[in-house]
Amino acid sequence: MTEDGRIRDHVFVRGTWRDSITYSILEHEWTPIGGLDTTSALDRSTAPPSGEAVRRR
């Protein structure tokens, strides 16, 4: 896991501003917890084509 960035003063919590940190992780570094199958979430073939609008409910 790698720290990618820090968003300064992002969230106001209990009377003070807090930073948020963003991280990235490579697919081969990921180990699912509890044996969850993540292959369907990682399957890029089910993603909508570029430029296609995503419908919101």
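Visitor: What makes a pair of atoms a polar contact?

Guide: A polar contact is a pair of N or O atoms within 3.5 Å, of which, within protein, one must be able to donate a hydrogen and the other to accept it. In this predicted model, the side chains of Ser-20 and His-10 are joined at 2.7 Å, and because the limit is 3.5 Å, the pair is called a polar contact.

Visitor: Where does Ser-20 lie, and which residues does Ser-20 touch beyond those up to four places away in sequence?

Guide: Ser-20 has its place in strand E2, residues 16-24, and, with residues up to four places away left out, Ser-20 touches Gly-5, Arg-6, Ile-7, His-10 and Val-11.

Visitor: Why is the pairing of Arg-8 and Asp-19 called a salt bridge?

Guide: The side chains of Arg-8 and Asp-19 meet at 3.0 Å, N to O, and because the cut-off is 4 Å, the pair counts as a salt bridge. Arg-8 lies in strand E1 and Asp-19 in strand E2, so this pair ties together parts that are 11 residues apart in sequence.

Visitor: How do you know whether Arg-8 is buried or exposed?

Guide: Arg-8 has a relative accessible area of 59%, and because exposed means over 50%, Arg-8 is called exposed.

Visitor: What makes Glu-3, Arg-6, Arg-8 and Asp-19 one network?

Guide: They are joined by salt bridges that share partners: Arg-6 meets Glu-3 at 3.5 Å, N to O, and Arg-6 also meets Asp-19 at 3.9 Å, N to O, whereas Arg-8 meets Asp-19 at 3.0 Å.

Note on methods. Residues are numbered from 1 along each chain as its sequence is written. This is a predicted model: local features need pLDDT of at least 70, side-chain atom pairs count only at pLDDT 80 or more; totals for chains, interfaces and linings use all residues. Side-chain values use heavy atoms; hydrogens and water are left out. Helices (H or I, at least four residues) and strands (E, at least two) are DSSP runs, numbered from the N terminus. Contact means heavy atoms within 4.5 Å. Buried means under 20% relative accessible area, exposed over 50%, partly exposed in between (1.4 Å probe, protein chains only).
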